[in-house]
Amino acid sequence: MTEEASSRGHAVLVHGGFVDGSGWQGVYDALKADGFQVAVVQNPARSLDGDVAATRQVIDALPGPVTLVGHSYGGVVITEAGNHPKVSSLVYIAAFAPDAGESVSSLTADPPPGAPVPPILPPREGFLLLDRNRFADSFAGDLPRAQAEFMADAQVPWGVDALAGAVSRPAWRTKPSWYLIAADDRMIPPAAQHAMSRRIGARTVEVGASHCVHISQPGAVAALIRRAAHG
């Protein structure tokens, strides 16, 4: 690693449910071009504890300070893993931002009237998938259809235990946070994103994009990460 890369900072990217870390490639490329050292966590998505452990292992390998970034369910992971002493700031990308005792399950238990309902199929052997025929419209509405259909067929099963995993100590209470709201999100309603970003006191931007804004608009996501890294 060069001295310039070290001075730019370090970013750790954590993916959400139903997908893997490859969706971060556009953001990764943009940050690397700007001199960041970037690591992508391939969280197993079986339990929150396991995903936090996987994230902490990646952070351990970096010299720090680290800007910790989470998309969707990855926001729950960074809320707990962000207590790592090397983490200097948190960035939520269309993500859940729970408080102590909250989980994805509790945050989604009572959706407001008219809110889009993600097409999650009934669990099979403790894991969830999205309906492939509705994946594109719900998850990736602003991607080319062929790309969205590939993502639907390449889904990573999401463990029910991960959804139920509750945060014990939210890092946003002690560390600065940023939040990117996806205005056209049909997985996490934009109104819920606004409410969570306000609650955690995040510096917030809003982008006209689907839930997979990190894929469709990587430049906007990378720009927010740069702001977080540089305070």
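Which residue in E4 is the bridge partner of Thr67? In E4 that partner is Ser89. The points below place this pair in the rest of the chain.

1. Basis. This is a predicted model, in which local features need pLDDT of at least 70 and side-chain atom pairs count only at pLDDT 80 or more, while totals for chains, interfaces and linings use all residues. Residues are numbered from 1 along each chain as its sequence is written, and side-chain values use heavy atoms, with hydrogens and water left out.

2. Overall dimensions. The chain has 11 helices and eight strands; helices (H or I, at least four residues) and strands (E, at least two) are DSSP runs, numbered from the N terminus. For 231 residues a compact globule would have a radius of gyration near 17 Å, and the 16 Å of the chain agrees with that. The radius is taken over C-alpha atoms, and the globule rule is 2.2 Å times the number of residues to the power 0.38. Along the principal axes, the C-alpha atoms fill a box of roughly 50 × 40 × 30 Å.

3. Surface and contacts. Of the 231 residues, 51% count as buried, where buried means under 20% relative accessible area, exposed over 50%, and partly exposed in between (1.4 Å probe, protein chains only). Among contacts (heavy atoms within 4.5 Å) between residues at least 6 apart in sequence, 70% join residues at least 24 apart.

4. The sheet. Six strands form an open sheet with parallel pairing, in the order E2-E1-E3-E4-E7-E8. Strand E2 (37–41) and strand E8 (203–207) stand at the edges with a single partner strand each, so one side of each has no neighbour in the sheet. On average, neighbouring strands are turned by 20° against each other, direction ignored. Axes are lines fitted to C-alpha atoms, for helices over the stretch in contact, and angles run from 0 to 180 degrees between N-to-C directions. Helix H2 (residues 25–33) lies across strand E1 (10–14) and E2, at about 160° to E2.

5. Strand pairing. Two strands pair if DSSP finds at least two bridges between them. E1 and E3 pair in the parallel sense over five bridges, and the partner of Val14 in E3 is Gly70. Six bridges join E3 to E4, which run parallel. Strand E4 (residues 87–93) is in turn joined to E7 by four bridges, also parallel, with Tyr179 in E7 as the partner of Tyr92.

6. E3. Six of the six residues of E3 are buried. Val66, Leu68 and Gly70 point one way from the strand, and Thr67, Val69 and His71 the other way.

7. Nonpolar cores. A nonpolar core is a set of buried Ala, Val, Leu, Ile, Met, Phe, Trp, Tyr and Cys residues joined through side-chain atoms within 4.5 Å. The largest has 50 residues, of which Val12, Leu68, Tyr73, Leu90, Tyr92, Phe139 and Trp158 touch the most other members. Residues up to four places away in sequence aside, Leu68 touches residues including Val12, Val14, Ile59, Ile78, Leu90 and Val91. A second, separate core of 22 residues includes Ala11, Leu13, Phe36 and Ile225.

8. Backbone points to check. Most residues other than glycine have a negative phi, and most peptide bonds are trans. Gly64 and Pro65 are joined by a cis peptide bond, with omega about -5°; Pro65 is in the loop between helix H3 (48–60) and strand E3 (66–71). Ala45, in the loop between E2 and H3, has a positive phi near 60° and is buried at a relative accessible area of 3%. Ser72 also has a positive phi near 60°; Ser72 lies in the loop between E3 and helix H4 (74–81) and is buried at 7%.

9. Ile188. This residue lies in the loop between strand E7 (177–182) and helix H9 (190–199). Ile188 counts as buried because its relative accessibility is 3%. Neighbours within four places in sequence aside, Ile188 is in contact with Ser72, Ala94, Ala95, Phe96, Gln193, Met196 and His211. Ile188 and His211 are 23 residues apart in sequence and 7.4 Å apart in space, C-alpha to C-alpha.
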